[in-house]
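Biologist: I'm new to this one. Can you walk me through it?
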Amino acid sequence: MRWVITADPRATNIPNLPRPTAPRRAHCPIMVRLRPTPRTTPQDHGVSHMLNIGFIGLGGMGLYQCDAFNDTRGLKVFAGADLAAASRKKFAAQYPTARVHQDHHDLLADTDVDAVVVATPSAFHKPQVIDVMRSGRPVMTEKPMALKVTDCHRMLDVAAKTKQKLMVAHCRRYDPDWGAMAKVVADGTLGRPILWRHMMATVFRVAPWFLDKKIGGGPMIDGAVHNHDFANLMFGKPEAVQAGSIKLSKSSAVDTATAIVHYPRGNQMMLSWSWGAHGSNAFDVLGPRAGLTNGTGQLTPPKSDGDRYGYWCVTDDNRRQRLIKYRRDGKSMYHRQAEHFRDWINGKVKRCNTPGTTAIQAVAVAEAIFKSAEKGTTQKVKW
Ligand SMILES: NC(=O)c1ccc[n+]([C@@H]2O[C@H](COP(=O)([O-])OP(=O)(O)OC[C@H]3O[C@@H](n4cnc5c(N)ncnc54)[C@H](O)[C@@H]3O)[C@@H](O)[C@H]2O)c1
């Protein structure tokens, strides 16, 4: 087993994920829009129109998304809204020409904003995404889509009524590294059925809301929602969950839980996540023919590969190892995700890779984990 992956994709040491940098410039004061102008849509302008993007939530992830959008052709970091003065100040320093608001309603009143990214604490995704769609704009929200399946349904209802595009930032679906893993699973190299295991443990020392039950929900619906969503991609519709939890911190959210999620054809995912104690991280994918680990195992790739490739290592039942490599092109999953949002808005791609209609299933897995841990019984995954 190889110890590789951490909670937050931004914190992984996958070398093709440099933090996009933007020039730091002087702080500019909060701007208030005085002159309403007729709203234009990307469709009015065809595919080459520069999309003015508004960002709600300018904390760690909001700024990270800004950087990825800023680096992407056809997208402009146009406006930002955040309740906290410190977050607004940082954003304004980084994007001096952008319009800055405290209240997201003011950002939505700006008719020059074409589309919106929501990156606030998870409990606010539902009301803010609904506000965006009701303002007549497409929206990409950070994961998890919401904290409850019923909230996701409400968001989907509004998307249908307003005919607006609702994308969820399940960035792993845009990650060439996890994409290479999915390919190996799909091509039968490991045999079938598959058990995907991911165990991680750390003391989570960022904003306390992440471990507030009502605002962030803890690791099983925050960090691990990436796994829930990606397992749904690899294995199909999640069926049932057996889970247990243990309390290792004083947080109101479940800080530590272990779950087995069942999928069609006998596939399983085993997750054991803790934001309550420092421990080990482990990540592997097992089948009857072979196991898969991230990285190069005990093999050394040819020097001629340089740093152009990422690797997974297949170990068969005779302990023979071989490398599966995939080409890196320097684009991070966040850049690919931004491009996809742009292309979906512009009609260049017809189907979104991460629409709300599939993201709801990842929330359903988390909900089943919480119920199973609480009741001590197997829970069907329902949405
Ligand atoms: N996809 C990923 O890799 C990834 C990584 C980390 C976080 N996230 C997600 O991004 C979201 C934000 O996380 P973060 O790490 O940026 O948190 P953060 O605490 O760093 O930032 C949140 C920001 O939202 C602002 N805010 C809070 N309530 C608001 C409101 N009602 N209106 C406007 N602004 C408000 C806060 O002032 C803060 O600036 C969460 O849903 C989290 O799960 C995703």
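Modeller: Pockets first, so a definition: on a 1 Å grid over the protein atoms alone, a pocket is an open set of points where a 1.4 Å probe fits, with protein on both sides within 12 Å along at least five of seven lines; lining residues have an atom within 4 Å of a point. Grid points are joined across faces, edges and corners, and a volume is the space filled by probe spheres set on the points.
Modeller: This is a predicted model, where local features need pLDDT of at least 70, side-chain atom pairs count only at pLDDT 80 or more, and totals for chains, interfaces and linings use all residues. Residues are numbered from 1 along each chain as its sequence is written, and side-chain values use heavy atoms, with hydrogens and water left out.

Biologist: What volume does the second largest pocket have?
Modeller: About 470 Å³. It has 16 lining residues, and the closest to its centre are Lys148, Lys213, Phe370, Lys371 and Glu374.

Biologist: Which helix gives the most to that lining?
Modeller: Helix 10, residues 356-375, with five residues. Helices here (H or I, at least four residues) and strands (E, at least two) are DSSP runs, numbered from the N terminus.

Biologist: And the classes in that lining?
Modeller: Six nonpolar, three polar and seven charged. Ala, Val, Leu, Ile, Met, Phe, Trp, Tyr, Cys and Pro count as nonpolar, Asp, Glu, Lys and Arg as charged, and the others, Gly among them, as polar.

Biologist: Switching to the ligand. How many residues surround it?
Modeller: 29, with Met61, Asp82, Ser87, Asp222 and Tyr334 the closest. Near means a heavy atom within 4 Å. The shell has 13 nonpolar, 10 polar and six charged residues. Helix 2 (60-70) gives the largest share, three residues.

Biologist: Why does the ligand lie between the two domains?
Modeller: Domain 1 (17-172) and domain 2 (174-329 + 356-380) both give residues to the shell, so the ligand lies between them. The bounds come from an automatic or database domain assignment.

Biologist: Which side chain has an N or O atom 2.8 Å from a ligand oxygen?
Modeller: Tryptophan 209. Serine 122 has a polar side-chain atom 3.1 Å from a ligand oxygen. A polar contact is a pair of N or O atoms within 3.5 Å.

Biologist: Where are the cis peptide bonds you flagged?
Modeller: One runs from lysine 143 to proline 144, with omega near -10 degrees. Another runs from arginine 192 to proline 193, with omega near 5 degrees. Proline 144 lies in the loop between strand 5 (139-142) and helix 6 (149-162).

Key. Polar contact = N/O pair within 3.5 Å; in protein donor to acceptor, adjacent residues only side chain to side chain.
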